[in-house]
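User: Could you take a close look at one part of this model for me, the helix packing, and then carry on to where the chains meet?

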Number of protein chains: 2
Amino acid sequence: MTTQTGNDGRGGREDRAVRRSDGTRAAILAAARYRFAEHGYERTTIRAVAADAGIDPAMVMRYYGSKDRLFDAALAIDLRLPDLRDVPRADIPGRLVRHFLARWEGEPTDDALLLLLRCAVTNERAAERVRGLLTEQVAPALGAFADERRIGLLCSQLLGLALTRYLLRVPAVADLTADEVADLYTPAVSGLFGRDGG
Amino acid sequence: MTTQTGNDGRGGREDRAVRRSDGTRAAILAAARYRFAEHGYERTTIRAVAADAGIDPAMVMRYYGSKDRLFDAALAIDLRLPDLRDVPRADIPGRLVRHFLARWEGEPTDDALLLLLRCAVTNERAAERVRGLLTEQVAPALGAFADERRIGLLCSQLLGLALTRYLLRVPAVADLTADEVADLYTPAVSGLFGRDGG
DNA sequence: GTCTATAATTCGATAGAC
DNA sequence: GTCTATCGAATTATAGAC
């Protein structure tokens with residue numbers, strides 16, 4: 001009952017009733033995230049998402065209203081940046097590189113960053129989300145470490161790494177182990193912040 | 001170069017007759033490059049390309065056969081890398097950064113690199129072209145300067161810069177002047193090759 | 001060489017039966 | 001809540017008149 005099409009899900013007392021719809025709702029979202037991450041926004045169809053989720057295409061429309069609103073739901077992303085307040089300045093570049101490598105590689109089921117990068121290049125809404133993540137999550141986490149220009153260029157480096165390694169799959173980059181990438185790329189990130197790391 | 005529709009271009013004597021068709025042929029290709037660069041592969045339609053070129057959509061099909069073959073023609077790209085053989089090793093990172101900035105910004109009509117980056121993320125054929133450019137043009141130009149792993153990661157840095165500055169338009173990066181970018185990003189590239197630049 | 005007309009798909013979205 | 005049927009729009013590509 002609760003959770004109708006236009007309702008928020010605040011049913012008050014019917015706690016069990018919502019779970020059923022929330023199950024398919026989550027399945028749809030997971031399938032959408034996979035499709036968007038793997039094939040981009042334009043090539044992702046409602047029909048394919050429904051097939052992956054094992055339900056009827058009409059259900060996708062019922063739960064999310066439109067492809068754009070489904071996409072918006074898929075764009076809700078938390079970078080889960082590490083707490084760097086107690087890390088020595090010189091160690092921060094290495095920590096960042098390894099954190100992002102672990103974020104990309106350690107959780108195969110988490111397509112959030114892949115989705116963001118793949119779609120932001122051809123979809124303005126996704127690009128806006130990337131810019132928002134930078135000001136809402138990256139800048140606050142690194143604001144005490146560097147100025148906004150260097151934070152922006154740091155994102156250039158990290159997104160560029162993800163681009164060549166996971167999307168374009170350039171062999172010279174994709175065939176390296178994560179440790180090799182960390183060892184080679186950390187000095188490059190450090191160079192952005194000066195020899196001392198700040 | 002004669003170049004009829006299904007012919008190979010070895011026409012022999014009709015030199016003047018072909019020029020007319022080569023004109024519209026070039027107009028189609030220029031319009032296609034602009035559309036692919038600006039909107040990506042999927043959102044680019046034959047109709048829009050034809051409208052930009054001021055001709056009928058059927059002409060695009062006549063000259064290029066299909067959207068894919070038109071795309072292939074648009075992917076013929078020369079990076080025009082500078083000759084670095086006489087450049088001191090320590091100066092190479094700065095030269096590379098400034099060359100790419102000039103390449104992206106100095107020639108507004110040249111959408112080749114923008115096209116490549118925008119389309120490679122969602123189109124495997126374009127991604128394959130990027131990988132080809134790396135082995136055919138970048139690696140030979142830099143092979144004496146660094147190993148293949150660092151060349152790959154250098155491309156990560158340069159493509160990442162283009163991604164945030166020209167495609168995602170992250171303000172912290174896009175609002176900088178080209179000189180600011182060169183000054184800030186060159187040390188980062190140098191860091192990839194060690195303090196001495198090699 | 002250029003354009004009209006249209007075939008053949010594909011997709012997002014809607015209406016409504018059960 | 002779930003599914004069938006379908007509309008309307010957009011697209012690539014083809015056939016053929018002029």
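Analyst: In chain A, helix α7 (residues 124-142) packs on helix α8 (residues 148-167) at an angle of about 110 degrees, their axes 10 Å apart. Helices here are DSSP runs of H or I with at least four residues, numbered from the N terminus; axes are lines fitted to C-alpha atoms over the stretch in contact, and angles run from 0 to 180 degrees between N-to-C directions. That angle makes α7(A) roughly perpendicular to α8(A), a label for 65 to 115 degrees; under 35 is roughly parallel, over 145 roughly antiparallel, and the rest oblique. L134(A), V138(A), A139(A) and L142(A) on the α7(A) side meet I151(A), L154(A) and C155(A) of α8(A), contact being heavy atoms within 4.5 Å. Sorted by class, that's seven nonpolar, no polar and no charged residues. (Nonpolar is Ala, Val, Leu, Ile, Met, Phe, Trp, Tyr, Cys and Pro; charged is Asp, Glu, Lys and Arg; polar is the others, Gly among them.)

Keep in mind that this is a predicted model: local features need pLDDT of at least 70 and side-chain atom pairs pLDDT 80 or more, while totals for chains, interfaces and linings use all residues. Residues count from 1 along each chain as its sequence is written, chains are lettered from A and ligands numbered from 1 in written order, and side-chain values use heavy atoms, leaving out hydrogens and water.

α8(A) also packs against helix α6 (residues 112-120) of chain A, at about 95 degrees with the axes 11 Å apart. So α6(A) is roughly perpendicular to α8(A) as well. Here L114(A), L117(A) and R118(A) of α6(A) touch L159(A), A162(A), L163(A), Y166(A) and L167(A) of α8(A), which gives seven nonpolar, no polar and one charged residue.

Over in chain B, the axes of helix α6 (residues 112-120) and helix α7 (residues 124-142) come within 8 Å and cross at roughly 125 degrees. α6(B) and α7(B) are therefore oblique to each other.

Now for the chains themselves: 41 residues of chain B contact 41 residues of chain A. About 3,600 Å² is buried between them, with carbon and sulfur atoms giving 73%; buried area is the accessible area (1.4 Å probe) that two parts lose on being put together, summed over both. On the chain B side, V121(B), L168(B) and L184(B) lose the most area to chain A, together 18% of what that side buries. The interface also has four salt bridges, each a side-chain nitrogen of Lys or Arg within 4 Å of a carboxyl oxygen of Asp or Glu. E180(A) and R149(B) pair up in a salt bridge at 3.5 Å, N to O.

Conventions: Helices (H or I, at least four residues) and strands (E, at least two) are DSSP runs, numbered from the N terminus.
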